[in-house]
Amino acid sequence: MKVAIVNSNLIRIDKNTKAGTEIFDYVLITNLAKIKEDNFRITAFASGNSKLPVKIESVSYRPSLDHKNIGLAHHIFFELSLISKAFSMHKKFDLYHVNIGNGELVLPFARLVKKPILVTMHGTLDEKYVHKYFAFYKDLKNVFFVSISNSQRKPLPSLNYIKTIHHGIDTKKSFLFHPTGGDLIIWTGRAIPDKGLDIVLSVIKRVKKRAKVFPIIKQEYLQWLHDEIIKKRNLIYQVVKISIDFDVNRSELIHHYQTSKLFLFPLQWEEPFGLVLIESMACGTPVVAYARGSVPEIVKDGETGFLVNPSDEDIRGNWVIKKTGIDGLCEAVERIYSMPEEQYKAMRKACRDHVEKNFTVERMVDDYIKVYEEILSKKH
């Protein structure tokens, strides 16, 4: 089996990447590379300076974001060039596995390629264009979709889905369990409104619990970060301590996951999958989150944390915490802090067990191998 894994040219892929899709790319490719079978070969299409244990094909040594005169505005030209190169080499591969957005950019090429194409969808499908655009390609027989959560499918339920495969992480060497945790609230993610860092500050102000947050800076949201986070944090700091560390490497976060009381995740959008949730739970730290997107598929309400309905008008389930919105988040936080020690330790152990059962990298890789085999067993 010869598989071409087609990635974005936007960001260098290596162990230090902070972007969710590229984290997935690195984890999947490095683990597929460990398979020692003579007839199994992986080739990665990515920026030329990516660090991966497989052969890399590229059109540019540096990723698009490294070129100040390219950036996002003209990045698509390099993306299309990389996709074109991958498909021009179709005689060398049995299967293409695409990890760029939701596959939108490869669909126009699909009719020109005789080989099967598997698309792992990494974004939401609620944008206005998707219904009309994906309808152009509804009759393609060689394109299959993997959703990363069942909730991700809701806007386009009729796509040619072959399986839902939840992401997995390394629970054996990286995200190790800590049985007792610590006394702080933790949050990490992109510093954009969708990730709810401003809501985190509002909760911290009310519950008066110390916190540490690790934002990943996005240049287009610097003004929002300054006005809604930095300035407000400085005011809240007079009441309760909140530490902010920017652009911390993913590996450095592990210690903070392990030594925190809970992970607070008040999402403002329909997250297709939250890697940070399974990272936190793998280390034993329970989650308090709005029940949006994939979150109810990942967090077991009352067992590995608490789910909260976003508002009285937006009820997603009958959760343990009956209050909604910020009131519900505050109640959930207080409930975890007030737990007897043995009950809290049991919740931490439940978090770890849940991840080991459902969200390991080994399970994820096995699922993809089975999907590859299933696709190749079909006649196109």
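Hi everyone, let's begin with helix 12, whose buried residues are V361, R363, M364, V365, D367, Y368, I369, V371, Y372 and I375. Before I go on, please keep in mind that this is a predicted model.

Staying with helix 12 for a moment, how far apart are its end C-alpha atoms? They are 23 Å apart. The helix covers residues 361-376, which is 16 residues, and at 1.5 Å a residue it should span 22 Å, so the model agrees with the expectation.

Now to the way helices pack. Two packed helices are described by the angle between their axes and by the distance between those axes.

With helix 10, what is the packing angle? Helix 5, residues 197-207, and helix 10, residues 325-337, pack at about 55°, and their axes are 10 Å apart. Because of that angle, helix 5 is oblique to helix 10. The crossing of these two helices is right-handed. If you want to find the contact on the screen, helix 5 brings I199, S202, V203, R206 and V207, while helix 10 brings I326, D327, L329, C330, V333 and E334. Sorted by class, this contact of helix 5 with helix 10 has seven nonpolar residues, one polar and three charged.

Helix 5 and helix 6 pack at an angle of about 15°, with their axes 10 Å apart. Is helix 5 roughly parallel or oblique to helix 6? Roughly parallel, because of that angle. Here helix 5 passes helix 6 in a left-handed crossing. On the helix 5 side you'll see L197, D198, L201 and K205, and they meet W224, E228, I229, K232, R233 and I236 of helix 6. By class, the contact of helix 5 with helix 6 has five nonpolar and five charged residues, and no polar ones.

The contact is made by I278, M281 and A282 from helix 8, together with C351, R352, H354 and V355 from helix 11. Those residues of helix 8 and helix 11 divide into five nonpolar, one polar and one charged.

While we're looking at helix 8, let me point out S280, which is found in that helix. Is S280 buried or exposed? S280 is buried, with a relative accessible area of 0%. Leaving out residues up to four places away in sequence, S280 touches Y257, F263, T285 and P286. The C-alpha atoms of S280 and R352 are separated by 9.1 Å, although these two residues are 72 residues apart along the chain.

Next, F134, which sits in helix 4. F134 counts as buried, at 4% relative accessibility. Which residues does F134 contact, leaving aside its neighbours within four places in sequence? They are N102, E104, L107, L125, F145, L156 and L159.

H122 lies in the loop between strand 5 (117-120) and helix 4 (130-135). Although it is in a loop, H122 is buried, with a relative accessible area of 13%. Beyond its neighbours within four places in sequence, H122 is in contact with T21, F24, N99, G101, N102, I148, Q152, H167 and P272.

Finally, two residues with a backbone angle to notice. K208 has a positive phi of about 55°, although K208 is not a glycine. K208 lies in the loop between helix 5 and strand 9 (211-216), and at 52% relative accessibility K208 counts as exposed. D247 is also not a glycine, and its phi is positive, near 55°. Where is D247 found? In the loop between strand 10 (242-244) and helix 7 (250-258). D247 is partly exposed, with a relative accessible area of 33%.

Note on methods. Residues are numbered from 1 along each chain as its sequence is written. This is a predicted model: local features need pLDDT of at least 70, side-chain atom pairs count only at pLDDT 80 or more; totals for chains, interfaces and linings use all residues. Side-chain values use heavy atoms; hydrogens and water are left out. Helices (H or I, at least four residues) and strands (E, at least two) are DSSP runs, numbered from the N terminus. The expected span of a helix is 1.5 Å times one less than its number of residues. Buried means under 20% relative accessible area, exposed over 50%, partly exposed in between (1.4 Å probe, protein chains only). Axes are lines fitted to C-alpha atoms, for helices over the stretch in contact, and angles run from 0 to 180 degrees between N-to-C directions. Angles under 35 degrees count as roughly parallel, over 145 as roughly antiparallel, 65 to 115 as roughly perpendicular and the rest as oblique. A crossing is left-handed if the near helix is turned anticlockwise from the far one by less than a right angle, and right-handed if clockwise. Contact means heavy atoms within 4.5 Å. Ala, Val, Leu, Ile, Met, Phe, Trp, Tyr, Cys and Pro count as nonpolar, Asp, Glu, Lys and Arg as charged, and the others, Gly among them, as polar.
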